[in-house]
Amino acid sequence: MTVALSVIASNLITSYRRTHYRVGTDCNSISLHIDQYSESLAKLLTASKQSCAAIVSAYNPYSQLASNEKNLAVHEQLRNLLQLRAYPIIESLNIDPIDQWLPEKSFFVPGLDLNTSRSIGQRFNQNAIVWIDNEAIPRLILLR
């Protein structure tokens with residue numbers, strides 16, 4: 001069996017892995033980290049009666065910096081798609097702890113299965129998504 005190599009630069013993958021994925025935008029927000037269990041996330045999944053979730057963004061397609069106006073426009077397109085499909089959404093932020101990247105708006109989507117998460121990420125030209133199963137451990141899923 002051969003393993004496909006990603007076309008995503010290793011420094012970008014490192015950046016995605018160190019990002020703080022903040023679910024919610026108020027004082028009750030929770031910060032998630034790739035491959036780290038979160039008790040708060042487990043409680044959120046239980047409260048939402050879901051066994052999985054995803055964090056998806058439309059910002060900076062293929063990690064190419066876009067203008068604030070373009071990013072906000074595609075973010076609203078993503079919101080509309082998720083709402084059209086009747087997914088519950090929680091506004092979220094992806095924050096680079098070393099400030100190499102500006103914070104990116106995203107959505108935490110309880111109940112979004114892995115295949116649909118991948119499809120939405122690819123539709124918005126993203127390199128990766130974050131997917132969570134019932135173990136409440138955020139996983140980085142590369143799309144290219």
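Before anything else, I noted what pairing requires: two strands pair if DSSP finds at least two bridges between them. I also reminded myself that this is a predicted model.

**Entry 1: a hairpin.** With that rule in hand, I looked at strand 6 and strand 7 (residues 138-142), which run antiparallel and are joined by five bridges. Trp131 has Arg139 as its bridge partner in strand 7. The two strands form a hairpin with five residues between them. In the turn I found Ala136, with a positive phi of about 60 degrees.

**Entry 2: the other neighbour.** Next I checked strand 3 (residues 53-56), which pairs with strand 6 in the antiparallel sense over three bridges. Here Trp131 turns up again, as the bridge partner of Ala54.

Entry 3: In what order do the strands of the open sheet lie? I read 2-1-4-5-3-6-7, seven strands with antiparallel pairing. Strand 2 (30-32) and strand 7 are the edge strands, each pairing on one side only. From one strand to the next, the twist averages 30 degrees.

**Entry 4: strands 4 and 5.** I then followed strand 4 (residues 90-95) and strand 5 (residues 104-110), an antiparallel pair joined by five bridges. Leu93 stands opposite Lys105 in strand 5.

**Entry 5: helices on the sheet.** Helix 3 (residues 68-84) packs on the sheet and touches strand 3, strand 4 and strand 5. Its direction makes about 10 degrees with that of strand 5. Helix 4 (residues 114-123) lies across strand 3, strand 6 and strand 7, and runs at about 160 degrees to strand 6.

**Entry 6: back to strand 6.** Why is strand 6 described as largely enclosed by the rest of the structure? Because five of its five residues (128-132) are buried. I sorted them by face: Ala128, Val130 and Ile132 are on one side, Ile129 and Trp131 on the other.

**Entry 7: the cores.** Which residues touch the most other members of the largest nonpolar core? They are Tyr21 and Leu41, out of 21 residues. Helix 1 (10-18), strand 1 (20-23), strand 2, helix 2 (39-47), strand 3 and strand 6 each supply at least two residues of this core. I listed contacts of Leu41 beyond its sequence neighbours within four places, including Ile30, Phe108, Ile132 and Ala136. Another core, of 17 residues, lies apart from it, with Val56, Phe107, Leu112 and Ile120 among them.

Notes
Residues numbered from 1 in each chain as written. Predicted model: local features only at pLDDT ≥ 70, side-chain atom pairs only at ≥ 80, totals over all residues. Heavy atoms only, no water. Buried < 20%, exposed > 50% of the residue type's maximum accessible area, 1.4 Å probe, protein only. Helix = DSSP H or I, 4+ residues; strand = E, 2+ residues; numbered from the N terminus. Axes fitted to C-alpha atoms, helices over the stretch in contact; angles between N-to-C directions. Contact = heavy atoms within 4.5 Å. Core = buried A, V, L, I, M, F, W, Y, C linked by side-chain atoms within 4.5 Å.
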